[in-house]
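Please open the structure in your viewer and keep the selection tool at hand. The tour below moves from one selection to the next and says what is to be found at each stop.

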Amino acid sequence: MAPSKESSVKQSEGGNGETSYKKRINTKTELLLQSRRHANDIFDVLEYLQSEKEKEVIFAINACQKIFCALLERGDLYVGQLPSEEEMVEGDRDADEKYHIFIRHRYSNCVELLLDNIGHEVFQVKEAALTALMKFAAAEGQHPLQKLELSNHYNFPLELILAVVRCLLSETEDMALLISRFQEFLEMDDVRYYVMSSIRDTITRVMYRNKRAVMPVFQNNVFTLLTNITIPSQSAEINNFLIRQEGKYEDWKAAKLKEQKRAFEQTWLTFLKYKLPGNMYKKVLVILHDSILPHMNDPTLMIDFLSAAYSVGGAVSLLALNGLFVLIHQHNLDYPDFYKKLYNLLDPSVFHVKYRARFFHLANIFLSSSHLPVYLVAAFVKRLSRLALTAPLTGLLIVLPFICNLIRRHPSCRVLIHRPSAADELCNDPYVMDEEDPAKCHALESSLWELKTLQSHYHPDVAKAAKAVNKPLPGLEDDISELLELTTFELMERDLKSQSQAVPLEFDPASGLLKSGKEVLGVHFSLE
């Protein structure tokens, strides 16, 4: 039976305002904790949780926290399967048991109202409600309301945590700010474990109810909550608990690193098995390689997701490279046609995407093996050279040293530079730019005439980099790491700060406009 919004709250609108409601709540709180005779005063306090004034709600939340934490510690709440209030009245029970049942029902009312206030429009109310609920969780853990002797969850209040998580994962409201406040509780190992369990339950329930449709707000809240979860790297780090258990921690799943990782793994897989909003794929892929895969028991379970993302194309495929790199190099993933797809990612947009530096860093690693067939490396060299003709300045300063490094690693590709007949066959380049298969693009039959063209580039740094192929390339590779993050602004700043020598532009110093007798304009025109 929830309290109504009548009498007491309305009375507080008159009188002395702020002093009136604080005094009223404090008085009733003290009476409640002093004697059971004043148990009905709890209705008046609960009414303030529904007030339209946020200050009253916050003050009432703090009062309820004080009241029920104290009552839980005293053991005044009924323990076990809670009878209904009708059964309490009709049944043959003594006064003490009826009191315990009554307080337990009021506690349930309070929890319901606090959960409703997590959706309040004022953040301070949300925060106070969340903090109070977590205080209740800690108190329930120390003084359980259910008999859990045979449970794997020991005496952790799983139902209360599940209810909190469902409120945080709202389907209609962005809860990012409140989730960031909740992060301090996620640092506790037991809370983290059961929150992950609750997330899985909530995702399954919501997506089933909505027939697996994309739900941007809900899925964004799930992603925000998941990214606030950090799994410890060692078992010794699992020692921070909201609720101290009396039994052996070795038998408790929440205290085992392997179980924490399994829960983390299952939660992410549950989240990713449903269709996500378009921008969500990029957010996941950005953090996948360093924030998700290292904390999974079996990272190869992400193969399907990464393979699908790699086949999408564009920026999503570029970001999927990081995760695939981890699986290929650390978990021996055999990915068919990997280099063919990598080759097809090379298009003009690669120089303009936000993740350009990451792509070239990973491409440099993937093409570093000396066991790659020469036709494959030649195809990459030729495609990059062709793209360089229309690449922006900062892209050219990356791609030209990159091409030279590939030729250094694979000397057989030098035939692309030193082809005696290239000058006569320039108009009939056999290379097929539109061919998706690098084995069929005829790159080895072509030449790098594009680099010869770039030797006449307007920017001296680009021209200098392109002329590097005119001489025998030294054995030491160029370090492109400093160039990957280079921006046009930085390039302009560098050029403006560089010291330039004075260059004579005029033999006769000008003394004014149209005043020189040696100029045609000065002879025939004058300023008057």
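Begin by selecting Arg-36 and Asp-96, which form a salt bridge whose closest N and O atoms are 2.5 Å apart (a salt bridge is a side-chain nitrogen of Lys or Arg within 4 Å of a carboxyl oxygen of Asp or Glu). Arg-36 lies in the loop between helix H2 (18-34) and helix H3 (42-47), while Asp-96 lies in helix H6 (residues 95-117), so the pair ties together parts that are 60 residues apart in sequence. Helices here are DSSP runs of H or I with at least four residues, numbered from the N terminus.

Before going on, note that this is a predicted model, in which local features need pLDDT of at least 70 and side-chain atom pairs count only at pLDDT 80 or more, whereas totals for chains, interfaces and linings use all residues. Residues are numbered from 1 along each chain as its sequence is written, and side-chain values use heavy atoms, with hydrogens and water left out.

Arg-36 counts as partly exposed at 40% relative accessibility, and Asp-96 counts as partly exposed at 36% (buried means under 20% relative accessible area, exposed over 50%, and partly exposed in between, with a 1.4 Å probe and protein chains only).

Next select Arg-93 and Glu-97, another salt-bridged pair, with the closest N and O atoms 2.9 Å apart. Arg-93 is partly exposed at 25% relative accessibility, and Glu-97 is partly exposed at 24%.

Then move to helix H22 (residues 488-497), where Lys-497 and Glu-493 lie four residues apart, about one turn of the helix. The two form a salt bridge with their closest N and O atoms 3.9 Å apart; Lys-497 is exposed, with a relative accessible area of 64%, whereas Glu-493 is partly exposed at 28%. Elsewhere, salt bridges that share partners join Arg-36, Arg-74, Asp-76 and Asp-96 into one network. How many salt bridges does a search of the whole structure find? The search finds 23.

Now select Arg-408, which lies in helix H19 and is buried, with a relative accessibility of 12%. Its side chain is joined to that of Asn-405 by a polar contact of 2.9 Å (a pair of N or O atoms within 3.5 Å; within protein, one must be able to donate a hydrogen and the other to accept it, and residues adjacent in sequence count only if both atoms are side-chain atoms). A polar atom of the Arg-408 side chain also lies 3.3 Å from the backbone oxygen of Leu-476. Leaving aside residues up to four places away in sequence, Arg-408 touches Leu-473, Pro-474, Gly-475, Leu-476, Glu-477 and Asp-478, where contact means heavy atoms within 4.5 Å.

Asn-332, in the loop between helix H15 (314-331) and helix H16 (338-344), has a positive phi of about 55° although it is not a glycine. His-442, in the loop between helix H19 (393-409) and helix H20 (449-454), likewise has a positive phi, near 60°.

Finish by colouring the chain by pLDDT, the predictor's confidence in each residue from 0 to 100. The mean for the protein chain is 86, and 87% of its residues reach 70 or more. Confidence is lowest in helix H1 (residues 7-11), at a mean of 47, and highest in helix H11 (residues 216-227), at 96. Where pLDDT is low, the predicted coordinates should not be read in detail.

Methods. Helices (H or I, at least four residues) and strands (E, at least two) are DSSP runs, numbered from the N terminus.
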